Amino acid sequence: MSKIVKEKDLTCIICPRGCQLHVTVADDGEITVTGQTCARGKKYGETELTHPTRTLTSTVLTADGSMLSVRTSAPIPKEMLFACMDRLNLVVVDHDVDFGDVIIPNILDTGADLIATGAWKRA
Amino acid sequence: MKLKTISKDLVIIGGGPAGMSAAVAAYDAGVRDLLILERDSSLGGILQQCIHNGFGLHRFGEELSGPEYAHRYEVMVHERNIDYKLNTMVMDVSPDKVITATNSEEGMFYIRAKAVILAMGCRERPRGALNTPGTRPAGIFTAGTAQKLVNMKGCMPGRNVVILGSGDIGLIMARRMTLEGAKVHAVCELMPYSGGLARNIEQCLHDFDIPLYLSTTVVGIKGRDRLESVTIASVDEKRKPIASTMREIPCDTLLLSVGLIPENELTKSASVPLDRVTSGAVVDQDRMTMVDGIFACGNVLHVHDLVDFVSEESAIAGRAAAAYIGGRTRGSEAITFVPDGKVRYTVPQKITTRDEVNVFFRVANIYRNVRIFVRDGDREIYSAKKLKVAPGEMESIKLKKEVVESLSGQPLSIGLEVSE
């Protein structure tokens, strides 16, 4: 019989419902999630105990000094958040951008693109 | 000089998520002569500065940022060629639906409307409303002001931050300031529980090891020109600070996330009766106020947790305004909800229909293992169990058509039975 080697209580962050999850990891590597009310909650519980990820949202500077809002197109490893902040803070957008346009492809090899969540046009 | 007067079937005051959703729904229900009035320089309202994600899961089945969510509705407004005026301030709404507005191009003008939808949103409770003792240095901001500075102006309000209040905006700003290089030393919450969503406590505080102190408040503010420190203290059950727990935290910035107040100056000018608990208008199931033809929706009516619910509610108001313009009159007999105190308020406060009704409400405290009930005199007409309810999370129940049809007409009591 397998033995539980790790367990954790979590609040799911996938949706505003905020389900209270209980996650256990057995010595054979099997992860069990309880408390979720949807399939996405189960996946969140599993990722959170193996390799937590977050969607990063921030802003980048444009050539006229205004700010353009951006986000990663998919969740990125949690420990990469500050490195990605440093990277996106180097950007100055100087060409026309629309909603969803890629600002930095595959940011810091996370597999996610940094995309615009606003529009900006050169004056 | 005689001022210009124009006529419109429907005028919507506010071009944020509530106003845009109401306009789209009214258009889709047949209204063509409609106009949105917005005081800012673009549509979208507060969503424009809410660059974080988590919007739209209910409405669009996707996780969007605030500007993306607003953009979806802007596209719908443009697709329908719905008319709007930006940089336009409404100064008065009369009970007979004459709107006085002004902008720098047209000057002051009147609009005579058949129906009006109030969608002005809410504003933040400021420092002045808290009576916190101390000096008045720079460095004290509402969380929303800080959000606008960081996200739209690209300015950091400070580097060493204390946040008072654990509403969602405060939690979001704790994360945002941290990501931008500031140190958030503490989030203090007067109540024994947070007013924010559980997911925001997790992803905005726990992720960055930011401490949340419950039953704690700011009791002192120090600094001459710039904020130098705040003093925090635990409070007892009566929310009175306990002197022995006082502790000074050096900081240059204090953010306040201590509640939102519906912005109802225009509602009052139209003589629309307000609910003392919500600070918004008293409405029926159509979100029509007690003044015929004046509707209210979104955060001006009651403060919502999620923009998705604002859109949903505003669509109800938009469709109902279309029906009103088409000649539908209000059912004369109004049935009032009477909350028991554990339930603090309901929206709608009254029903004037004999059809299915969704009733939204907030509770006064965190309660576990509750039974929600609605009684018509001695007769229980609704009952449902819930594991947990909390003030930070709006609840809703559905009264079915056959239940509403069977009502006696006397006030309905709505409340919670707690078995602990």
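Strands are DSSP runs of type E of at least two residues, numbered from the N terminus. All views below come from a predicted model.

**View 1. Helices α3(B) and α4(B) pack against each other.** Helix α3 spans residues 143-153 of chain B, and helix α4 spans residues 168-179 of chain B. The angle between them is about 35°. Their axes lie 9 Å apart. The crossing of α3(B) and α4(B) is left-handed. From α3(B), the contact draws on A143(B), G144(B), A146(B), Q147(B) and V150(B). From α4(B), I169(B), G170(B), M173(B) and R176(B) take part. By residue class, this contact holds 5 nonpolar, 3 polar and 1 charged.

**View 2. Chain B meets chain A.** On the chain B side, 21 residues are in contact with 21 residues of chain A. Three helices of chain B, α2 (66-79), α3 and α5 (198-205), each give at least two residues to this side. The largest share comes from α5(B), with 5 residues.

**View 3. K97(B) has a positive phi in a loop.** Its phi is about 70°, although K97(B) is not a glycine. The loop that holds K97(B) runs between β6 (89-93) and β7 (98-103) of chain B. Is K97(B) buried or partly exposed? K97(B) counts as partly exposed, because 19 C-beta neighbours lie inside 10 Å, and a buried residue needs 20 or more.

**View 4. R287(B) also has a positive phi without being a glycine.** Phi of R287(B) is near 65°. R287(B) belongs to the loop between α6 (265-269) and β19 (294-296) of chain B. Around R287(B), 26 other C-beta atoms lie within 10 Å, so this residue is buried. The cut-off for buried is 20 or more.

Definitions and conventions: Residues are numbered from 1 along each chain as its sequence is written. Chains are lettered from A and ligands numbered from 1 in the order in which they are written. This is a predicted model: local features need pLDDT of at least 70, side-chain atom pairs count only at pLDDT 80 or more; totals for chains, interfaces and linings use all residues. Axes are lines fitted to C-alpha atoms, for helices over the stretch in contact, and angles run from 0 to 180 degrees between N-to-C directions. Helices (H or I, at least four residues) and strands (E, at least two) are DSSP runs, numbered from the N terminus. A crossing is left-handed if the near helix is turned anticlockwise from the far one by less than a right angle, and right-handed if clockwise. Two residues are in contact if their C-beta atoms, placed from the backbone, lie within 7 Å. Ala, Val, Leu, Ile, Met, Phe, Trp, Tyr, Cys and Pro count as nonpolar, Asp, Glu, Lys and Arg as charged, and the others, Gly among them, as polar. A residue is buried if 20 or more other C-beta atoms lie within 10 Å of its own, exposed if 12 or fewer, and partly exposed in between; C-beta atoms are placed from the backbone.
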